[in-house]
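Reader: I'd like to learn how to read a model like this one. Can we go through it feature by feature?

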Amino acid sequence: MWTMHPNARHDAMTEAGRPLRVVVADDSVLIRQGVTRVLSAGGFDVVGDVGTAEELLTLVAGHRPDVAIIDIRMPPEQSDEGLRAARTIRAMAGPRVGVLMLSQYVEPAFAMTLLADGAEGLGYLLKDRVGDLDDFLDAVRRIAHGGSVIDPEVVTRLVNRVQLAGPIDELTERERDVLSLIAEGRSNAAIAGRLFVTEKTVEAHTANIFAKLGLLPTPDDHRRVLAVLAYLRTAGPPA
Amino acid sequence: MSGRHLRWAIGAGGLVLGLGAEWVQANAGIGGERILIDFLVGQAYLLGGLFTWSREPANRTWRCMTAAGAGWYVGTFAALPISPIREAAVVLADLDAIFLIALVLVYPSGRFTSGLDRRVAIGAAIGLTASNVVLLLTDLPAIPLVVGLTVTAAMGVLVPRRWLRASPVQRRGLGPALVATGLTLLAIAIAIGTRLGRVTPEVESTLLAARDLALLGIPLGFVVGYFQLAADRYRRLVATQRATEEELRRSQARIVHAGDAARRRLERDLHDGAQQRLVAALIGLRVTRAEMAERSDPAQVAPLDTTIAELATSLAELRELAQGIHPVVLTEIGLGAALATLADRSPVPTTIARAPERRLDPTVEATAYYVVAEALTNVAKYAAATAAAVDASIDHGRLRIVVRDDGVGGAASRPGGGLAGLADRVRAVGGTLLVDSPRGSGTHITATIPLDPDQPPDEDAG
C-alpha cells in the first residue's frame with residue numbers, strides 16, 4: 001500500500017492529535033472507493049461514505065466530520081443536490097465542517113456559487129484532481145484548517161479571459177503567477193514554495209498586486225481568495 | 001377544345017338559339033315584352049351557368065344550369081311548322097325543367113347526395129320526355145299532367161328533406177336550392193296549367209309572364225348562392241391555414257424542445273457514465289502508480305505515466321465535448337451565468353451589458369444561449385472585430401437579445417448556414433431574428449423570443 005510521507009501524515013491530524021475525520025458523498029461507488037482509498041492512505045479517517053445528499057446530511061449530523069467531500073451532482077435529480085447539501089451543512093454547522101465540492105465542470109460560475117457566502121473552509125476541485133494524490137490530500141487538509149481551495153483549471157479559465165484588461169495589464173508575469181496561486185487559495189508560504197522564492201518576496205508581490213488592482217489588503221487567506229476571485233470575475237474589457 | 005373555348009362556343013350558340021327562338025315567337029305574333037323576358041330568362045341561365053362554370057370547372061352544378069338555359073329555348077321551336085324540328089321541339093320541350101331539377105338536386109357539390117335524388121332526377125328526365133312523346137302522338141294532355149304533378153310532388157318532398165338533414169353550415173348553402181324549388185314548383189304548376197288550356201288568353205299571358213319572372217330569379221339565386229359559398233369557403237380556408245401554421249409552429253417548438261431535452265440527457269449520460277468511470281480509472285491508476293513507485297525502479301513506472309497522461313487528456317476532451325452538447329451552467333444556474341461563460345470563452349473581448357436575473361422557460365433560455373453562442377462564433381470567425389457586446393433584456397413579455405460587434409460586417413444568412421439554422425430555431429419558439437450587417441459597420445444580431453412559447457405575444461404589443 002502506498003503511504004504518505006510521515007511528515008505529511010502528521011498534518012492529517014487535528015491539534016488534538018486525532019486523525020482528521022472525513023465523509024465522502026458521491027453516487028458512483030467507484031469514485032467513493034477511489035477517494036476513500038486515497039484519503040485512508042493519506043492518514044485521514046473516512047468515517048462514512050454515501051451515495052445521496054439525504055444520507056450525507058444524516059451522516060454529517062451524526063459524525064460532525066472535519067471535511068465533507070461532496071459530488072456536485074447526485075441523485076435523485078442529478079442536478080445541483082451537492083451544492084444545496086453543502087449550503088445546508090454550512091447553515092447547520094458553520095465553517096467547523098469544511099466542504100470540498102468535487103465536480104466534472106470547469107465552470108467558475110459553480111465555484112462562485114459555492115463561495116457565495118464566504119470562502120472559509122470551502123473548496124471546488126475537478127474530480128480528476130483526486131488522482132494528484134499529494135495535491136488532493138493537501139487540499140483536504142487546507143480545507144479542514146479553514147483554508148480555501150479553487151481548482152487551478154478554473155482559475156486559469158478566469159485569468160486567461162481576453163476580457164481582462166485595465167489594471168490587470170499592469171501586472172508583471174511573476175505577479176500574474178502569484179495572483180493565480182492566490183486565487184487557488186494558497187498561502188504565502190505555499191506560494192513561496194511553488195515559485196522557489198522567499199515568503200518575503202511573495203508578500204511584496206502580493207502587496208503590489210493588491211495596490212495595482214485597487215483591492216484592500218486582507219490578512220486572511222480565504223478573504224483574499226474572495227477578493228481576487230470577485231475581481232477576476234467582474235473585470236471587464238477596456239471601456 | 002379547352003374548357004374556356006367550349007364555354008365561349010356554348011355562349012355563342014346559346015345566343016343564336018335564343019335569338020332564333022324569339023324570332024319564331026315574334027312570327028307567331030307574341031308581344032315584344034314577353035319576347036324580351038323569355039329571351040332574358042334563357043340568357044340568365046346561360047350566362048350565370050357559364051360564369052360559375054368557369055369559376056368551378058369541376059363542379060357539374062353549373063353545367064346543369066347552362067344546359068337548362070339552352071333547354072329554355074327548345075320548346076319554342078314547336079311553333080315552327082317544319083318537320084322534324086317541330087316534333088323534336090315538342091319531345092324535348094321540358095329539357096329546361098329536366099336540367100333545373102338536376103341543378104336543384106346536385107347543388108352545391110355537383111353530385112347527387114343520395115340515390116333517391118339521382119333516381120328522381122333520371123325518372124323526371126325520362127318521364128317528362130316520354131309524356132311529351134305521348135302528347136305528340138295522341139294529343140292527350142292527361143298523361144303529361146300526371147307525370148308533371150308526380151315530378152313536382154317528388155321535388156316538393158326531396159328538397160325540404162335535404163334541408164332537414166343538412167347541418168347548419170350546409171343549410172347556409174342550401175337556401176338558393178330551396179327558393180329555386182319553390183319557384184320551380186310554381187313554374188311547373190303554371191306550365192301544366194297553361195298547357196291544359198283551360199284559361200283565357202289574358203290570364204295565360206299573365207301566368208306565363210309570372211312564370212318567366214320566377215324562372216329569371218332562379219339563376220340569380222344560384223349565382224348569389226355560389227358567391228356566398230365561395231366566401232364561406234375562403235373564410236374557412238383562411239381559418240384552416242392559420243390553424244395549420246400555428247400547429248406547424250407548435251410542432252417545430254416541440255421538436256426544438258425534444259432536441260434540447262435529448263442533448264441534456266446525452267450530457268447527463270456522459271457525465272454519469274463514461275466520465276465517471278474514466279475518473280475512477282484515473283484515480284485508481286494514479287494510486288497504483290504511487291504504490292509501484294515506492295517499491296520499484298522509477299524506470300519501470302515510467303510507461304504508466306504515458307497511459308495516465310493519455311487518460312487525463314481523454315477525460316479533458318470528453319468534458320469539453322459534454323459541455324458542447326449541453327451547457328450545464330445554463331440549466332443549473334441560469335442564462336446570465338451561461339452567457340458569462342460564453343463571453344469568457346470568446347476569443348474576441350466580449351461584455352455582457354445586461355442579462356435577466358430570474359429563471360426563464362428552459363426552451364427560451366436554451367434558444368437565447370444558442371443565439372449568443374452562434375453569434376459569438378461568427379464574430380470570432382469572420383468579423384475581424386476588436387470587441388463584441390451582448391445585451392439580454394426582458395421587455396413586454398419578450399426576451400430581447402442583441403449581439404453586436406465592431407467588425408467588418410457583411411454577414412448574411414445563407415441556407416443551411418449557422419444563422420439560418422438559428423433563425424429557424426428562433427421562429428420555432430415564436431420569435432424573430434434580425435441580422436443587420438452593413439459592410440464595414442459591424443454586425444447587429446437581434447433576437448426577440450416570447451417568454452411563454454405557447455402564447456406568442458401580439459405583434460403590436462408594446
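Reader: Let's start with one residue. Which residues does B:Ile401 touch, not counting residues up to four places away in sequence?

Author: Two residues are in contact if their C-beta atoms, placed from the backbone, lie within 7 Å. By that rule B:Ile401 touches B:Ala368, B:Val371, B:Val372, B:Ala392 and B:Ala447, leaving aside residues up to four places away in sequence. Before going on, note that this is a predicted model: local features need pLDDT of at least 70, side-chain atom pairs count only at pLDDT 80 or more, and totals for chains, interfaces and linings use all residues. Residues are numbered from 1 along each chain as its sequence is written, while chains are lettered from A and ligands numbered from 1 in the order in which they are written.

Reader: Is B:Ile401 buried or exposed?

Author: A residue is buried if 20 or more other C-beta atoms lie within 10 Å of its own, exposed if 12 or fewer, and partly exposed in between, with C-beta atoms placed from the backbone. B:Ile401 counts as buried because it has 27 C-beta neighbours inside 10 Å.

Reader: Where is B:Ile401 placed?

Author: Helices (H or I, at least four residues) and strands (E, at least two) are DSSP runs, numbered from the N terminus. B:Ile401 sits in strand S3 of chain B, residues 398–405.

Reader: What order do the five strands of the open sheet in chain B take?

Author: Strands of a sheet pair through backbone hydrogen bonds, either parallel or antiparallel. Here, two strands pair if DSSP finds at least two bridges between them. The five strands of the open sheet in chain B follow the order S1-S2-S3-S5-S4, with mixed pairing. S1 and strand S4 (432–436) of chain B are the edge strands, each pairing on one side only. From one strand to the next, the twist averages 15°.

Reader: How many bridges join S2(B) to S3(B)?

Author: Eight bridges join strand S2 (residues 388–395) of chain B to S3(B), and the two run antiparallel. To see one on screen, find B:Val390, whose bridge partner in S3(B) is B:Val403.

Reader: Which strands does helix H13 of chain B lie across?

Author: For the angles, axes are lines fitted to C-alpha atoms, for helices over the stretch in contact, and angles run from 0 to 180 degrees between N-to-C directions. Helix H13 (residues 362–383) of chain B lies across S1, S2, S3 and strand S5 (444–450) of chain B, at about 10° to S3(B). Helix H14 (residues 418–428) of chain B lies across S4 and S5 of chain B, running at about 150° to S4(B).

Reader: Now chain A. How many helices and strands does chain A have?

Author: Chain A has 11 helices and six strands. Of its 239 residues, 48% are buried. Take strand S3 (residues 67–71) of chain A, where five of five residues are buried. A:Val67, A:Ile69 and A:Asp71 cover one side, with A:Ala68 and A:Ile70 on the other.

Reader: Which strands pair with S3(A)?

Author: Strand S1 (residues 21–25) of chain A pairs with S3(A) in the parallel sense over four bridges, and A:Val22 has A:Val67 as its bridge partner in S3(A). Strand S4 (residues 98–103) of chain A also runs parallel to S3(A), joined by five bridges. There, A:Ile70 has A:Met101 as its bridge partner in S4(A).

Reader: How do H8(A) and H10(A) lie to each other, roughly parallel or roughly perpendicular?

Author: Angles under 35 degrees count as roughly parallel, over 145 as roughly antiparallel, 65 to 115 as roughly perpendicular and the rest as oblique. The axes of helix H8 (residues 173–183) and helix H10 (residues 199–213) of chain A come within 10 Å and cross at roughly 90°, so H8(A) and H10(A) are roughly perpendicular. Residues making the contact include A:Val178 and A:Ile182 of H8(A) and A:Val202 and A:Ile209 of H10(A).

Reader: And how many residues of chain B are in contact with chain A?

Author: 33 residues of chain B are in contact with 29 residues of chain A. H9(B) gives the most to that side of chain B, with 16 residues.
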